[in-house]
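I opened my notebook next to the viewer and wrote down what I looked up, entry by entry. Have a look along with me.

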Amino acid sequence: MHRRHFLATATLPLLGCTPTREIAGGFTGIAFDRGHQLRDTRSWPAPSTIRRTDVLIAGGGVAGLAAARALRLKGVEDFALLELEDSAGGNSRSGTVNGIPCPLGAHYLPVPSDDAPEVQDLLEELGLRQRVAGRWQYAEQHLCHSPQERLFFNGSWQDGLLPVQGVGPATLAQYQKFATLVEQLRQQASWTIPASKRPFTQVHQALAAITFAAYLDQHGLGDAQLRWYLDYCCRDDYGAGLATVSAWAGIHYFASRHGFHAPGGDSGERDSVLAWPEGNAWLAQRLAAPLGTRLHTGQVVVRIAETRQGVELDAFNTATQALERWQARRAIVALPVFIAARVVQNPPDFLTQAAKRTTYAPWLVANIHIDAPLQDRPGAAPSWDNVLYRSPGLGYVDAMHQSLLPVPGATVLSYYRALGDVPNGRHQLLEKPWAAWRDEILAELGAAHPDIAAKATRIDITRYGHAMAIPTPAVSSQIGLQRILHQRQQLQKTQRLAFAHSDWAGYSVFEEAFTLGHQAA
């Protein structure tokens, strides 16, 4: 069965006293059958067509789109970008549910610091940032509106995601202790996004060698509320919790951004976030638009080889069901490292080693259409980001939060769950039926919204088997590998293959992928 086009309608079983209703939906957004063709041992037919271009880009995620933009800015117009799915963007794509746009993956971008000039330049080009009276200002309609986030904790909603409602002095003391440790580490070393913009010091290396949980144990930080919050932050950004990710990754989450602010201390300013109903697809669509016919979707890259004249790439065109051969002077491989290692002939050792030590987090995104506002528990008002304490998911964002409608109405709630810590998580993600996911998600959110099953009309679920690289202690060493990779690509001017993907940063965020794409071009 072609799961990408599988749709279903089902009657939800009773949840408490909730009335039954039909809920439509299914799996959407990812063509697993295309990517899984690379696992086949079959021999591919002879190419039916030979195409030529100056520069080839394999992979149309954020890194590939950034590489295309960089080529255009340098005046290189003779290039082609090949993308597996039906639209470019990778994890930054979008869909619509009952006419409401919503994200299929990444849904926000923090306002970038001066360490990410390539991203700043893009935002200026798109009209999101401009200099006014000597200061940079961001277009307010694109900044996330207040209230930004809330937590369902102890039976009611509180503002912010750090549990504070009714916690005792021992918990508050642990919050303060962790805040002090983060600030000390910020003084001892530089923390930036992209991480490669500053030296990877002995402080970073020591943290990269152990898990975040081990670091917290070493410092006597065992409070349940603190541990839950730090675990949530790691699952949200890295796809796995503090027992899996490195201490470098756990500290980097805070030290590279806003720090960690304990209640009652210096609260600091909350980071400004750019957000759109369709998530980061708003950016990806504008990066893809100028490419025109140079963007080729539905392409399964099966082989990349260096030749005497340049580079040769074979891709299976899913529209024509034929293998096509591309010839170019050079190529930018903007593919996940495990795919790149599979399709590049005679892969360099650094690519093979990177693929061996990279572990990926499976993810699920469920876009839930509701036809009326939900009944709410007491406390903080409905926010853009809504999280339930100790739930298996990461909460949901409201696709209509950025709208200026005076009265709330129908909307789409984009629910996220990371499965990087779940045993056999990828198998569970792909084998569990849509109806089972539907029931599980609605039961989870029903703790805060008892009427969600009665108001949901459709649930579209997008599954990512290899959503992002998890920055484990083994993978965090790739921060240094990324620097080596960039140096090689700068020094070996005759090298015909360049590599660009967030995997080379060891973790997946827009700024890393975009910067690597620009560097590769």
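Predicted model: local features only at pLDDT ≥ 70, side-chain atom pairs only at ≥ 80, totals over all residues.

**Entry 1**

I started with a side-chain pair: T53 and D78 are joined by a polar contact of 2.9 Å. For a polar contact I took a pair of N or O atoms within 3.5 Å; within protein, one must be able to donate a hydrogen and the other to accept it, and residues adjacent in sequence count only if both atoms are side-chain atoms. Residues are numbered from 1 along each chain as its sequence is written, and side-chain values use heavy atoms, with hydrogens and water left out.

I then followed the T53 side chain to the backbone nitrogen of F79, which it reaches at 3.3 Å. T53 sits in the loop between β3 (49-52) and β4 (55-58); I took strands as DSSP runs of E, at least two residues, and helices as runs of H or I, at least four, numbered from the N terminus. Is T53 buried or exposed? I found T53 buried, because its relative accessible area is 10%, and the cut-offs are under 20% for buried, over 50% for exposed and partly exposed in between (1.4 Å probe, protein chains only).

I also listed what T53 touches, leaving out residues up to four places away in sequence: D78, F79, A80, W326, Q327, A328 and R329. Contact here means heavy atoms within 4.5 Å.

**Entry 1: over to R329**

I found R329 in the loop between β17 (322-328) and β18 (330-333). R329 is partly exposed, as its relative accessible area is 46%. Which side chain does R329 join in a polar contact of 2.8 Å? I traced that contact to the side chain of D54. Beyond residues up to four places away in sequence, R329 touches T53, D54, V55, G310, V311 and R496. I also checked R329 against S272: the two are 57 residues apart in sequence and 42 Å apart in space, C-alpha to C-alpha.

A reminder to myself: most residues other than glycine have a negative phi, and most peptide bonds are trans. I noted a cis peptide bond from S146 to P147, with omega near -5°, and P147 lies in the loop between β10 (135-138) and β11 (149-153). Another cis bond runs from I193 to P194, with omega near 5°; P194 belongs to the loop between α4 (169-188) and α5 (202-208).

For Q321, not a glycine, I read a positive phi of about 60°. Q321 is exposed, with a relative accessible area of 55%. I saw a positive phi near 60° at R390 too, again in a residue other than glycine, and R390 counts as exposed at 54% relative accessibility.

**Entry 2: stepping back**

I looked at helix α8 (residues 247-255) and found nine of its nine residues buried. In the protein chain, buried residues make up 57% of the 521 residues. I counted 16 helices and 24 strands in the protein chain. Its C-alpha trace spans about 70 × 55 × 50 Å along the principal axes.
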